[in-house]
2 protein chains.
Amino acid sequence: MTTAGPAAPTSTARVHWRPLAPDRASVTAGLWADRIRANADAAIPAGLKQLEEAQNLHNLRVAAGEEEGDVIGPIFADSDVHKWLEAAAWEYGRSHDEDLLASILQITRTLAAAQAEDGYLDSVVQVRERERYRKLEWSHEHYCAGHLMQAAVALVRTSGRTELLDVVVKLADHLVATFGTEDGKYDFVDGHPVVEMGLVELYRETGTQAYLDLARYFVEARGRGLLATHGVEPTYFSDRVPVREQTTVEGHAVRAVYLAAGAADVAAETGDTALLEALGTQYAAMARGKQYVTGGLGARWEGEAFGDDFELPADRAYAETCAAIGGVQWAWRMLLATGEASYADQVERMLYNGFLSGVSLGGTEYFYVNPLQLRTGAHADENRSPAHGRRGWFSCACCPPNVMRTFASFTGYLATSTDTSVQLHQYVPGTVDDPRTGLGVEVATDYPWDGSIALTVTAAPDREIALSLRVPAWAEGATLDGRPVEAGAYATVTRTFAVGEVVRLELPMAPRWTAAHPRVDAVRGCRALERGPLVYALEQSDQPDGVVVDDIVVDPDAELGVEHRPDLLGGVRVITLREASGATLTAIPYHVWANRGPQAMRVWLPVA
Amino acid sequence: MTTAGPAAPTSTARVHWRPLAPDRASVTAGLWADRIRANADAAIPAGLKQLEEAQNLHNLRVAAGEEEGDVIGPIFADSDVHKWLEAAAWEYGRSHDEDLLASILQITRTLAAAQAEDGYLDSVVQVRERERYRKLEWSHEHYCAGHLMQAAVALVRTSGRTELLDVVVKLADHLVATFGTEDGKYDFVDGHPVVEMGLVELYRETGTQAYLDLARYFVEARGRGLLATHGVEPTYFSDRVPVREQTTVEGHAVRAVYLAAGAADVAAETGDTALLEALGTQYAAMARGKQYVTGGLGARWEGEAFGDDFELPADRAYAETCAAIGGVQWAWRMLLATGEASYADQVERMLYNGFLSGVSLGGTEYFYVNPLQLRTGAHADENRSPAHGRRGWFSCACCPPNVMRTFASFTGYLATSTDTSVQLHQYVPGTVDDPRTGLGVEVATDYPWDGSIALTVTAAPDREIALSLRVPAWAEGATLDGRPVEAGAYATVTRTFAVGEVVRLELPMAPRWTAAHPRVDAVRGCRALERGPLVYALEQSDQPDGVVVDDIVVDPDAELGVEHRPDLLGGVRVITLREASGATLTAIPYHVWANRGPQAMRVWLPVA
């Protein structure tokens with residue numbers, strides 16, 4: 001049995017709702033079931049092979065004295081292994097595949113052997129760079145440590161195995177002894193956050209206050225100019241202003257959202273409402289002016305960074321897959337802390353669009369960047385270029401194992417509860433069994449293709465429970481058991497439930513045209529097509545002869561059709577729409593684009 | 001007396017027209033006179049100080065054994081000195097300032113002392129890297145050599161002094177002995193072109209065929225995959241296809257246009273019409289889908305690269321100042337080779353907009369990148385960010401001395417001739433005295449503010465001369481001596497001219513709205529405002545209270561006004577226009593933006 005999911009506030013944490021362990025929910029059919037299966041059956045095994053081929057595991061073995069040779073690849077190479085370990089650990093909690101556990105434990109033994117006497121562990125630095133923390137703004141040593149902490153916590157939560165936890169406790173103790181403002185310590189932070197989340201989770205698992213204190217120090221250390229370097233400015237590292245004084249997101253997008261997610265963990269565990277409030281302000285600014293309709297985060301290739309407010313080009317959207325994942329992590333923590341439906345809407349938008357677009361239907365080919373437009377005849381000039389099409393791995397391979405750990409822990413993001421209430425945030429066919437209240441439900445739905453969601457109570461305590469169902473902000477006209485409910489909020493039924501009774505949520509699924517804020521210059525005169533939680537896109541191969549996606553102008557007043565195409569792209573609902581010239585166009589869900597090779601595509605459609 | 005300008009085809013070169021030496025034309029008043037004066041009086045002296053402060057000169061002195069210490073800065077640090085030397089050499093031809101010549105010759109002595117016995121010269125490699133040509137795709141060793149060749153050629157042409165020429169001949173001989181496909185030679189090219197132009201110019205000055213052959217080899221060596229490296233793809237280096245098979249421009253913009261300009265030199269000197277034709281195809285593709293209305297080149301920050309066709313974001317336009325300069329060099333060479341007016345139009349568009357925007361009115365503060373939009377509240381996150389405002393120098397300081405050499409040789413781009421004809425391409429108040437025909441004219445005009453251009457003949461041979469005046473493509477309705485003439489072509493008067501007679505060209509200067517190609521998604525629903533050769537922009541500080549540039553919507557049907565504002569920004573004509581709400585807006589020439597600090601600005605204006 002899994003004890004907790006990827007973010008598990010302690011009993012004293014200041015949170016509104018508490019998450020369920022991933023194995024308290026199941027996905028039995030549909031889109032997510034297909035993707036989670038591909039992740040388990042194809043992606044995670046392929047990932048292990050890629051880690052062998054790209055020599056990440058070799059690096060660890062060299063550091064461990066198990067193999068000869070040099071270390072190879074980027075300075076953060078270990079982190080790809082660590083993310084894979086986390087993915088495998090969550091997957092073990094789902095499948096109880098003992099071979100997978102054996103692989104995890106074998107790598108764990110290598111990690112333990114590679115670890116220095118004092119707890120330090122980073123194979124590339126140990127073997128190639130030798131000097132520790134020489135250039136921490138770029139060296140990712142804490143970044144690697146943070147990911148390993150997340151992996152170790154996942155493993156102990158899903159399997160009870162503490163071998164990896166022992167390694168990270170030693171590593172975390174080393175960090176506690178080394179970093180901070182006290183005399184004799186090194187007052188500095190890693191250029192790439194994630195250790196903040198890792199340390200708080202390790203605190204949650206071990207109860208060691210020093211880990212939480214160190215996480216808080218790392219959060220508070222930013223904005224003091226520690227990371228000022230030549231060429232790249234503090235903005236890049238989220239270091240221009242202190243986290244609690246920041247009012248927006250800026251700089252490297254993955255760094256920014258990982259930091260914010262870690263800060264949210266710190267705020268929850270320390271009861272720091274001022275910090276939480278600052279994070280809410282930042283999140284709102286991001287959602288207002290720095291996020292794509294796909295949920296994608298980070299407009300700029302240069303510096304993989306957030307752009308200025310409303311700088312959201314469709315063609316050069318960077319929208320890194322990892323940024324969407326970090327965005328989900330941040331939004332989830334904000335949801336736990338505040339109980340605000342908008343954060344669950346955010347999780348939905350990012351998961352169904354900017355995250356899912358980052359991986360092929362088969363699970364083993366990835367996009368690093370997720371643009372909202374690709375032009376005819378685009379030439380790739382970069383390893384990560386979408387003009388290449390999806391790729392099995394990258395020279396900087398952060399995204400693939402990040403995708404894997406997200407699928408493997410997916411069920412941890414579906415529901416929350418308190419002692420007297422249960423909240424459903426995402427709708428997938430399957431089950432939710434809440435241990436706090438004793439309420440169990442079976443969810444029957446064809447969501448996101450259909451808006452009917454039927455919950456059948458499978459277990460119920462003999463007391464009143466408040467069951468809350470998220471009504472997405474886009475779902476104007478939704479009903480709960482036939483009664484109109486407010487969109488962008490939770491619809492709640494409070495009663496003593498009985499096994500067998502059914503609660504029905506109906507979300508209207510008519511396709512809709514979405515306009516951007518008028519300051520988004522890049523998509524002026526355009527509309528995007530959405531249906532339910534899905535953003536749609538036009539891909540060249542679905543259009544009639546003679547229609548060139550680059551030149552399309554659509555008629556937004558013409559009727560939109562919805563068609564079930566079980567044959568297409570794993571089974572999707574397409575939307576048919578009208579070109580201004582009269583031709584009928586076919587839109588597919590954005591998240592399945594580029595599964596038939598790279599080709600012209602666009603989300604934002606010029607209107608007549 | 002100056003013998004020739006910055007590109008001087010030999011008598012056997014296959015060219016349509018031949019340039020005049022820069023001192024055969026003068027600029028006596030107006031915009032260019034002001035800028036050239038600022039360049040001479042402020043920028044070139046300040047540049048020398050910057051080269052001291054940034055240690056570029058120190059590097060050379062270390063290599064020469066004149067100073068102790070390490071070399072500092074990027075691997076191409078010498079090239080900034082070389083470009084400054086070229087600027088100073090052209091400026092010496094203009095001013096005959098003997099102190100300036102003394103500075104040039106002092107640096108030349110250091111260069112000679114630093115030069116290796118066998119001719120090799122690159123201070124950073126000699127002192128810091130030690131191993132030559134170890135990673136030529138990134139090391140810029142030929143790039144530095146090419147710029148030094150251009151400087152040496154400039155010096156000998158303006159002063160007759162051969163000290164620097166001696167250095168570069170030795171350097172070029174070393175390159176000839178080292179590079180090529182012959183046995184024992186190194187078959188490789190520099191990742192950053194410019195040596196091609198340098199070698200052809202050196203061939204032109206010395207008559208040494210081997211330099212032309214080496215330039216041709218460097219042009220032909222591209223597209224063979226020599227530069228394929230990890231991470232960056234051959235596209236970046238203009239190395240995806242051979243130059244003569246390429247049909248567009250792609251990759252790093254400065255690299256691409258420098259290569260093309262060098263290839264045009266090679267084509268001219270070798271009579272290679274197929275190569276010239278390929279370059280014409282590439283230029284047309286660039287002008288059609290990869291150039292901003294400002295003439296700016298290179299849409300992408302990432303890789304400082306051309307984007308895909310029609311990928312031309314206003315806000316994130318990179319449009320490096322150096323790329324506009326390289327574009328002028330390429331267009332000028334195409335003009336010499338073909339006599340097509342469109343290339344002179346191109347020179348005009350780039351000089352008056354994308355080039356001039358790169359330097360402050362005072363001449364000593366620069367933009368590296370030249371966006372067409374800056375939003376309110378933009379945060380700089382990069383040394384080069386326009387949100388910083390203009391800067392006196394950059395850690396990568398290619399642009400400032402590039403600007404200096406362009407101003408200092410500006411008069412070399414005004415006119416051409418043959419034995420029987422003279423062509424005026426750009427209109428500035430001053431004089432043109434053609435030595436081939438003996439025709440001299442004085443040009444009286446307030447261009448670009450006014451469209452009346454009066455040429456008074458000051459010297460005339462006793463024979464028929466064809467005097468051609470460019471009528472810009474935007475100048476529909478132009479007249480020559482009262483008769484309508486075709487826009488986008490040369491208007492020619494062929495007769496035996498008499499001293500004192502006057503030829504009058506009238507170019508209509510009504511402000512005009514310009515629409516982009518419909519595939520330029522970034523500016524859909526917008527228009528740009530132009531007048532004569534100038535692109536206009538709205539800057540926040542010129543607008544009435546309550547009008548926010550980010551939110552402006554203009555009425556394109558409302559009357560446009562033109563107002564002379566001698567007080568404003570060195571004296572400009574502003575255009576007044578109407579906001580859709582009725583407010584009167586004021587547009588300034590784009591090229592003077594950010595002379596009052598960085599602020600919100602936009603060229604492309606949403607229309608109601």
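User: How many bridges join strand E5 of chain B to strand E9 of chain B?
Analyst: This is a predicted model. E5(B) covers residues 421–424 and E9(B) covers residues 464–471. The two strands run parallel, and the bridges joining them number four.

User: In E9(B), which residue is the bridge partner of Ser421(B)?
Analyst: Ser421(B) has its bridge partner in E9(B). That partner is Ala466(B).

User: Which are the edge strands of the open sheet of five strands in chain B?
Analyst: The pairing in this sheet is mixed, and the order is E1-E4-E5-E9-E12. An edge strand pairs on one side only.

User: What angle does the direction of helix H14 of chain B make with that of E9(B)?
Analyst: H14(B), residues 341–355, packs on the sheet. It touches E9 and E12 of chain B. Its direction makes an angle with that of E9(B) of about 55°.

User: Is H11(A) roughly parallel or roughly antiparallel to H12(A)?
Analyst: The axes of H11(A) (253–270) and H12(A) (273–289) come within 9 Å. They cross at roughly 150°. Angles over 145 degrees count as roughly antiparallel, so H11(A) is to H12(A) roughly antiparallel.

User: How many of the eight residues of helix H2 of chain B are buried?
Analyst: H2(B), residues 56–63, is mostly covered. Its buried residues include His58(B) and Arg61(B). The cover includes H1, H3, H4 and H5 of chain B. The buried count is seven.

Key: Residues numbered from 1 in each chain as written. Chains lettered and ligands numbered in written order. Predicted model: local features only at pLDDT ≥ 70, side-chain atom pairs only at ≥ 80, totals over all residues. Heavy atoms only, no water. Buried < 20%, exposed > 50% of the residue type's maximum accessible area, 1.4 Å probe, protein only. Contact = heavy atoms within 4.5 Å. Pairing = 2+ DSSP bridges. Axes fitted to C-alpha atoms, helices over the stretch in contact; angles between N-to-C directions. Parallel < 35°, antiparallel > 145°, perpendicular 65-115°, else oblique.
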